[in-house]
Amino acid sequence: MTILAVFSMMNGIAQEYLTGFNGALPDANMPKSREETVAVLPFFDDFTNMDMRPDASKWQSGNTSAGSGFPYMPVNYMAATLDILDRYGKVYSRGNSNPFIGDTLMSVKIRLDSIGNHRLTPADSVYFSFYFQPGGFGDSPERDDSLVLQFGYGYDELVFDTVLNNYVTLRKTEWRHVWATEGFECDSVFHKVMIPITDTCYFKEDFRILFFNYGTLPTTMYPNDRSNMDQWNVDMVYLDMNRHADHDSYPLVSFTNNPPTFLNRYQSMPYKHYKANPINEIDNVYDVYLTNLDVNAHNVRYSCFVDDNNSPWQYHFVDNPMIINQYYNMGVAINTVWMNDFIYPYNLSVDTTSFTIRQYIEVIDEHVGEVRGDSVISRQEFGNYFAYDDGTPEKGYGLVPSDTYMAVQFKVTQLDTIQGVSMLFNRTFNNANYNFFDIVVWKDNNGKPGEEIYTLKNQRPVWDDTVMYAFHTYDFDRIVKVNSVFYVGLRQQYSKSINIGFDASTDNRQYNFYETGDGWRNSSFPGSIMIRPVMGTNPDLVISPDNQNDSSIEVYPNPARDIITIENANENLYKEIVIFDVTGRLVKRYSYNNTLNVNELQNGVYVLRAVKDDGSYISSKLMICK
């Protein structure tokens, strides 16, 4: 894996680092209480499982994960990812600088002897195909690394049983090497492999498919950086008869990317901060990535449904029909969706809430019923924390040398307190990054971290051996008040990378900062450091009266026609009133006055702000109805 140095200092090298990381699954080789499933043709898996585990009815072993974080521009939403971590998320204990076996992915038994009353032979044109990609958003395997495919078939062997004092017949599996590739740099393409099944030895009732990967741990890396790497993404595994190498397709139009959050800046944020300024927090223009795996181009229609999980509120959007060309000709199709009238409700009397987002792509031409569309369901949380990341750490982030700082910028819409910070740390070989660090909160200083306002000293990474991608919350021991822009990060005490989780698929580098001795700089790496400030007051702490602050103003009448009156805002503190529409567009600006004429505003919902000289403000919703 390549480690990038971004600048140097007079007294030594100071660097940002990224390393690879991925979680792992419980070992599927463990004994099962049920008999193994036997599959029949067609055997197909696109790995779109919501629990991030390969389908147990199709795959019986291996620590391979199934998710959407690692594949870049995949053939369809989610893929299987093979790496070098065991089921606890630890680098395999057998890891070293020589190639060693990482994950395995072995199918259940597949009947290739017959379909119904038809006896299968090589004349039935049976093909096995799949797509693969090295690295993706993770780490691209080196030339010494490899992805391997083997086919297995059953055979009988006579074995002498000393207990029965007789020979018994055991059914064993013979494995044959079929295909392999050495590692290479990710080129944003999923490569298709199509293999004819022609050897008669495979046409048995217990045919099997086995993927596994070889990885290496470079000796030149710092111990703290020897984390997960050498990822291989595998997708669209397909075994069936009557297929042809030159004209192969699958009747599916599919999503390939993560569903939108509809938030402008964050992946998740506290509901109270969203509803204090909903217009600026919403981003209702987004791209939908689609692939058409069929042999024909298709006319399709996109739709989106959003449901509040705690109230009857719903939203429904249907886009205009569009033509999607074949994947083998045009690759991934990108369609921009404009949901200009969408906004999450901002008047719910709750502190937290969540929404279910359902996306559909429907084939609407003459091939309806022959070619299926796709659906993706996600959940948008408004909890008690801010998050830039989507929860999947494709890499790890750290600094060199010691006594260096990393920080992430956040912005609140009203005065609040931080009760702790949730962070995800990667496992490294022999837990080499189990080192001390300090958690720090800073004020803003012209777009960079400024004065330190809180430090929690001498913390260490905390891992969970039972949960993939586990965040740990470090609770603060006193109230930390923040307003407007603030920063949360850590001081790295040790001279090597602390290896904190880094979401490489969600680019928020403009909010990531580091300082290694010559001032704060923006990070050079696209992605999100997995630091999440937990907002609100710890119930064990008491807020004194001087910590209280009005976060909104009252406007009446509301709805209004022409004249409005503003209360709860001291006219000596505020210099102007600014009004925005639901798209975030500035529509009106007034010098501050407790009484305003809004007759020029059209019917609709607006956000009214009372703004101070320093740029801070309090706000209220305003509805105009004439």
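Begin with Met236: at a relative accessibility of 4%, under the 20% limit, this residue counts as buried. The model you are looking at is predicted. Met236 belongs to strand 17, residues 232-240. Most residues other than glycine have a negative phi.

Now select Met73, another non-glycine residue with a positive phi of about 50°. Its setting is the loop between strand 6 (65-67) and strand 7 (79-82). Is Met73 buried or partly exposed? Its relative accessible area is 25%, so Met73 is partly exposed.

**Into the cores**

Next, show side chains for Tyr274, Tyr302, Tyr344, Met423, Val441 and Ile500. In the largest nonpolar core, which has 77 residues, these six touch the most other members. Centre the view on Met423 and leave out residues up to four places away in sequence: its contacts are Phe437, Ile439, Ala470, Phe471, His472, Tyr474, Leu490, Ile500, Met530 and Ile531. There is also a second, separate core of 36 residues, with Phe151, Trp179, Tyr202 and Leu239 among them.

**Rings to look at**

Colour the aromatic residues, and you can look for 55 aromatic pairs in the structure. Zoom in on Tyr153 and Tyr202, an edge-to-face pair with 5.9 Å from centre to centre and 75° between the planes. Why does this pair tie together parts that are 49 residues apart in sequence? Tyr153 is in strand 13 (residues 146-161), while Tyr202 is in the loop between strand 15 (191-196) and strand 16 (208-215), so the pair bridges that separation. Tyr153 and Tyr202 are both buried.

For another geometry, select Tyr397 and Phe502: the ring centres are 5.7 Å apart and the planes meet at 15°, so this pair is stacked. Tyr397 comes from strand 26 (residues 395-400) and Phe502 from strand 33 (residues 500-503), so parts 105 residues apart in sequence are tied together here. Both Tyr397 and Phe502 are buried.

Then try a group selection. Ring pairs link a cluster that includes Phe255, Phe262, Tyr271, Tyr274, Tyr286 and Tyr302; Trp313, Tyr315, Phe342, Tyr344, Phe355 and Phe382 also belong to this cluster.

Two arginines deserve a stop as well. The charged end of Arg265 sits over the ring of Tyr511, 4.0 Å from the ring centre. Arg460 lies over the face of Phe436, with 4.1 Å to the ring centre.

Strand 38 is joined to strand 39 (residues 563-567) by three bridges, and Glu554 stands opposite Glu567 in strand 39.

**Last stop: two prolines**

Staying with this sheet, find Pro559 in the loop between strand 38 and strand 39. The peptide bond joining Asn558 and Pro559 is cis, with omega about 15°. Then jump to Pro401, in the loop between strand 26 and strand 27 (404-411). Val400 and Pro401 are also joined by a cis peptide bond, with omega about 10°. Most peptide bonds are trans.

Notes. Residues numbered from 1 in each chain as written. Predicted model: local features only at pLDDT ≥ 70, side-chain atom pairs only at ≥ 80, totals over all residues. Heavy atoms only, no water. Core = buried A, V, L, I, M, F, W, Y, C linked by side-chain atoms within 4.5 Å. Buried < 20%, exposed > 50% of the residue type's maximum accessible area, 1.4 Å probe, protein only. Contact = heavy atoms within 4.5 Å. Phe/Tyr/Trp six-rings, centres within 6.5 Å; stacked < 30°, edge-to-face > 60°. Helix = DSSP H or I, 4+ residues; strand = E, 2+ residues; numbered from the N terminus. Lys NZ or Arg CZ within 6 Å of the ring centre and 35° of its normal. Pairing = 2+ DSSP bridges.
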